[in-house]
Every structure is written in C-alpha cells, then in structure tokens.
Amino acid sequence: MIFCQACGTTNREGSRFCNQCGARLSETADIACPRCGAPNAPDAQHCQKCGLDLARGRDDVWEGPLPRVDVPEEGASEAGRRALGTPEGGPASRARPYGLPPWLDSAERPEEEASPESGAGPLPADEEALAPEAAEGEWSGEAIPIEPVVGVPYRARERSEQPPPPEQREAADLFAIVSDEDVLASRRPSPSEQKHEAERRPEMWLRLLVALVLLVSTMVPVLLRGGPISAEGSIPPPVAAAARAVEELPPGATALVAFEYDAGLAGDLQPVAEALIGEMLGRGLYVLAVSTQPEGAALAEIALDRIRRARAEPGMDARVVNLGYVTGGQAAIRALAGDIRAAISSDWEGRGLADIPALSGIGGAGDLPLVVVLGRDVLAVQAWIEQVGAPYGAPLVAGVPALVEPALVPYQTSGQLEGVVGGVAGAAAFERLTGRPGIGVRSLGAVRAGAWAAGLLIVTVNIGFALGRLLRRRGR
Amino acid sequence: MRRILPALVALLVGSVVLLDYFLENPVLNAAGRFLLEGAIVLAAFALLLGLWNLLLVHERQIRRREPGWPASVVILLSTGASLALGLAGWGSEALTWFYRFVLFPLEASAGALLAFVAVSAAARAWRLSSLEGGVMLAVGAIVLVGTLAPQGAALTALGPLRDWIVSVPAMAAVRGLLLGVALGIMATGLRVLLWIDRPYE
C-alpha cells in the first residue's frame, strides 16, 4: 500500500501514480503515526490522519527510527494492528490489543457523516477549548479514549426565513380575528339562549309594569296632598295600648327613646318617632334620645330637630336631649339600664350630663317610667326587652316597620311590651287617636295607594298567569 | 396555656355578668358594671379597627387596580370627608346636614327599591298553581289590604280578618320561632360557659 503524498489516497503496492490525483507516488516505505498508527509518507511533518507533529512526536516519544508499516489492502485499520508488531517498547506496544468487529470497522467515520447542512461548522473559541484533542482518528487497537465530560454541541442551524404554510397562516388569521372580536357584542345567542331570553321577557315587562304602577300610585297622593284617598281608618289595639302608655305618664316625667334603626328604614320609622315624641312633648314630658346604632344618633337629631321646629316652644332644647351613640350593642343597653352616666359622659352637642335637667333624679334607664324602642327588626326590640324591660321592669313601647309588627304581637300580648306602633299606618293611627295629625297622616295616602296597587298587581298578574295556563292547555 | 387562659377569662367574665343579671349583690353588681364598661370600650376599639381595616382593604384595591377600584376611591373620599366633618364639628349643623341631605336620601332610596322588588317577587311567587301558593296569595292580599283599609270602605271588613290572622295563626308561628331561638341562645351560652364551644380561640 502506497499513500499519495498529494491527496492521501491509498494505492496498491507497486503503483507509480496515484489513482486519484495522478501524482507520482514515492517508492519509499511509509512510516506509522505513533499515536493513531496511520501510515504517513517518510518525509511527512504531520500525521495525515490525526495531525500529530510527527517530528516532535518522534523526539518526545520515540527516539529510534519510525517503524516501517506494511499496509495490507484490507483497510487502513489493519495497519494499526500490524503496528502492534513493531519493536518492543514502541508506542503501539503499550496499547491493548483489542480487535475491532467487522461491522464497526466498515462503519463510516463521523466526520464523513457531517454534511454542511448538519450545522457542523467551525466552532467558536470557547467551544474549541472544550473539544477533545486527539480522540478522533482511526482506531488502532488501543483502548478507546474516554469521552469528554462536556460534549461539544453542533452549532444550531439557522432557521430559514420561509413563509409559514398556508394552513398555519389561515389558523393564525382566524385566531387574531377571534381574539380581537367583542364576543359578547357579536355573538349570536344559541337557540336555547334565545328561548331563555324569550321566557325572561315577560318577567322584564312585569318588573317594568310593577315599577310604573307603584311610582304613579305613590306619587299622585303625594303631589295632591292626600287626594281622594282618606287617611281615616280603624285604630289597631297595639297602637291604642301604646297611646295609653304615654297618656298615663305624669307631666314632667322623663321618657327614653332609643333610635335603633338605619336610614334605609327611616321612611317607615321617622313618622313613628315624630308621632310618639310629639305626643310626649305635648303632654309636658321630657325626652331623652339615645342609640346603639352608628346612624341612630344622627337620625334622632333629624327627627328631634323637626319636632323642635314644628312646636317652636321656648325651652324645647332642655326638654328634648339627644344623648348620642353608645358602642357595645347589648352591653351598652345593659350599661344604660344600670347607670346612664356610666355609659355616657356628654350629649350630642357635647354638654355634660349634669347640665341636663331631664336627667335629674335618674340613675339608669331602668328607673324611667317609659322606654320607647324604635327598632329596625325584632332583635333590636328583643335586646331592650332582655336588658331593660325584664330585669328592671321598665315599661316598653315598640315602634317598628309595618313588616315587623306581627312578629312583636306575642311580646305585646304577654305584657313585655306595652304597645306596638307599626310603620306609617301605625303612626297615622296614633296621631288620629291622640288628635295630633302629623307626618303619619300626611304620608298615609301614598302608602295606602301603594299597598292597594301592589295588591291589585298581584291579583291581576295571577289572573293573567292562570288564563295563560288555561289557554296553553286548550292549545295542546 | 394559650388555650386555657382565654377559656378561663371567658368563663369568669360570662359567669360574673350572668350572676349580676340575676342576683342583687353589691360586689357582683359592681363587677358586672365594670365588665360592661370594659365591653363598651372594647367595642369602640373594635369599631376603630374595623374602620382601619376598611381603609386598608380599599387602599390595596386601588393600588392593585383591582376590578371596581374607582368605587374604592369614592369610599375612601367619603369616609375621609365624613370623618373630617365629624372631628371638626361634632354635633354641628354640618354633620346633621350630611346625614339629612346625603346619607338619608341615599339609604332611603335604596330601601324604597325593596317595594318594587317585593311586589314583583310576590306577583311571581304567590301563584294559584298549588294549595300552598293559593294560601299565601290569599293571606298576603288580606293582610296587605286589611292593614291599610280606610274607614267606611267596603274593604274595611278585611280589618278584623287581618287582625285575627296576625293575632292567632301568625302569632302561634312567631311564638314557636321565638321559643326555638331563645332555647338556641340558652344552649349556645351554656356551651360557651361550660367550655364546650370556644369561639374566642
């Protein structure tokens, strides 16, 4: 086997010219590379296979002349095996004599596999430093060198700027349209939604009808100051009992009024407050207002202010006192019942309690001859019954929204409440009974008209539903 | 200790206040009064804490631009305005004006909406489709119209009927409810005093 010095092609023994490039072949024997065993020309400076500096290699490794290699025709790898037979102490003799299986021997080298498209281009400097120096090369029967710990990646191939396939572009366009679209505005309702919407339409019209009827029925009496609707009517027994409880108090006595409601219920309870307090003042009583609700003190001030202005009597400020808000819920009520001065130090306007004549001779709310509770619900009244009425025996009258009144009847019939005034209707009845018509009587027309309109609506709608059901059955 | 101490405090305080309610004893009554005053002070602090928490929650909502944050701005501004108004002139005309012309109409309007909702709900709920629905419809109509029937009108006859409904069947039902609630409150109170329930933990 003779190697061409020009192109490195192996040529048959005895060849004079390279069968690949046509160069004249040297007849001298080749020398084997001490590292990979590849045959090289006698005057070669570097190994044609692994690139080893053959001159220095000879100096460093092998002092004697490089061994001659008789390369058989079977393949280059056979040269390595033959190199094992070189003189003792040579570099190849230190290698382990493992054989190479034929399938691996005939396998292509990785360098030959790497095509330009595979991305195996020149490495950057940092990656070059990691590259194994002499791991490649034709296996010469030595131990297979250890793989580098850090692999050198192939350079990623740059992606070409090719347009996306039509189906991808279509999908992207569709996504853009959908994501930009106002779905709620443009989406067409499904058939089930259309059916649901159709079913809801009568309810919507019903609500609108209710709103209109109630608005007209309440506004007309207000604008006509009562109009054709009379404020007369029977006096409910709980209202009559409440009026008796006030009537029985001697002039100069002090009554406590607890404002335990918020502004949402003021429409129903302010007339009650004004009717009861107006009657008390008319009978020469002193009135103390207090609240355990944050809004109660301000609502009390509004009611008391209206009463003061309506009566326009001298000394009214001393007879009607707003003690303000006390925190603590039931604990505050209990404290007030035991000792008002322990729970409150000044009134709404900041006056000390010692300056309030209505409080002279009074220790706690339990000592008072009458306590009026204007409660938003049953629980508000219950708290005063439990903390003031039951332990101290103070007479209690409740003013509540009309909705709550039936729930307090058991307390009234059992004697825990002297009387109950329910809503605007109760206030109007109280005013008629005491002969002091006020906001209750004036508001009753609107309330009555609204209630009748509501009752009429309920009955009418029921008749309408019943007729509709009947017609549907006949239709089937 | 962390569990026992609160329980002992609850047991002691609850027992003293309960005994103060039933017994006439100067020492017990004084102790009960002292504890009640403490409860009032604590409630005032709880109110302040609630206000502080409200401010923190809405400040965070504004800072994070959470949904509805403009409403939080309004809440904070309103709270600040009413607080300043109250602190500057407690009991003054300005605070009364604020209640009378801002808070009162707003809450009264919201309360008035209940009438619309209640009537439209009643119109749909009280239907003659069943016996129960028919009974509800009849009772509701009688109580509604009977409460507000004018003197001398044809509907005045509904007044006594309405009074009977309220004072007999309705009162029986309400009494049952009230007794049940009272028993429930007693049982809850005893469970707390006997250390079975510990809501303060």
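Analyst: This is a predicted model. Across the interface of chain B and chain A, the rule finds three salt bridges.

User: What makes the pair B:Arg100 and A:Asp305 a salt bridge?

Analyst: The side chains of B:Arg100 and A:Asp305 are 2.9 Å apart, N to O. The cut-off is 4 Å between a side-chain nitrogen of Lys or Arg and a carboxyl oxygen of Asp or Glu; therefore the pair of B:Arg100 and A:Asp305 qualifies.

User: Which helix supplies the largest share of the side of chain B that touches chain A?

Analyst: H4(B) does, with 16 residues. About 4800 Å² is buried between chain B and chain A, 70% of it on carbon and sulfur atoms.

User: Why is A:Thr327 called buried?

Analyst: The relative accessibility of A:Thr327 is 12%. Buried means under 20%, so A:Thr327 falls in that class. A:Thr327 is located in the loop between strand S7 (320–325) and helix H13 (330–338) of chain A, and the residues it touches include B:Ile40, B:Ala43, B:Ala44 and B:Leu47.

User: What lies 3.0 Å from a polar atom of the side chain of A:Thr327?

Analyst: The backbone oxygen of B:Ile40 lies at that distance from the A:Thr327 side-chain atom.

User: Why is A:Leu223 called exposed?

Analyst: A:Leu223 has a relative accessible area of 65%. A:Leu223 belongs to helix H8 (residues 191–223) of chain A and is one of the residues making a nonpolar surface patch of about 560 Å².

Methods:
Residues numbered from 1 in each chain as written. Chains lettered and ligands numbered in written order. Predicted model: local features only at pLDDT ≥ 70, side-chain atom pairs only at ≥ 80, totals over all residues. Heavy atoms only, no water. Patch = residues over 30% accessible without salt bridge, like charges linked within 9 Å, V, L, I, M, F, W, Y side chains within 5 Å. Areas by Shrake-Rupley, 256 points an atom, 1.4 Å probe, with all protein chains shown as cover. Helix = DSSP H or I, 4+ residues; strand = E, 2+ residues; numbered from the N terminus. Buried < 20%, exposed > 50% of the residue type's maximum accessible area, 1.4 Å probe, protein only. Polar contact = N/O pair within 3.5 Å; in protein donor to acceptor, adjacent residues only side chain to side chain. Contact = heavy atoms within 4.5 Å. Buried area = accessible area lost by both parts, 1.4 Å probe. Lists of a residue's contacts leave out its neighbours within four places in sequence.
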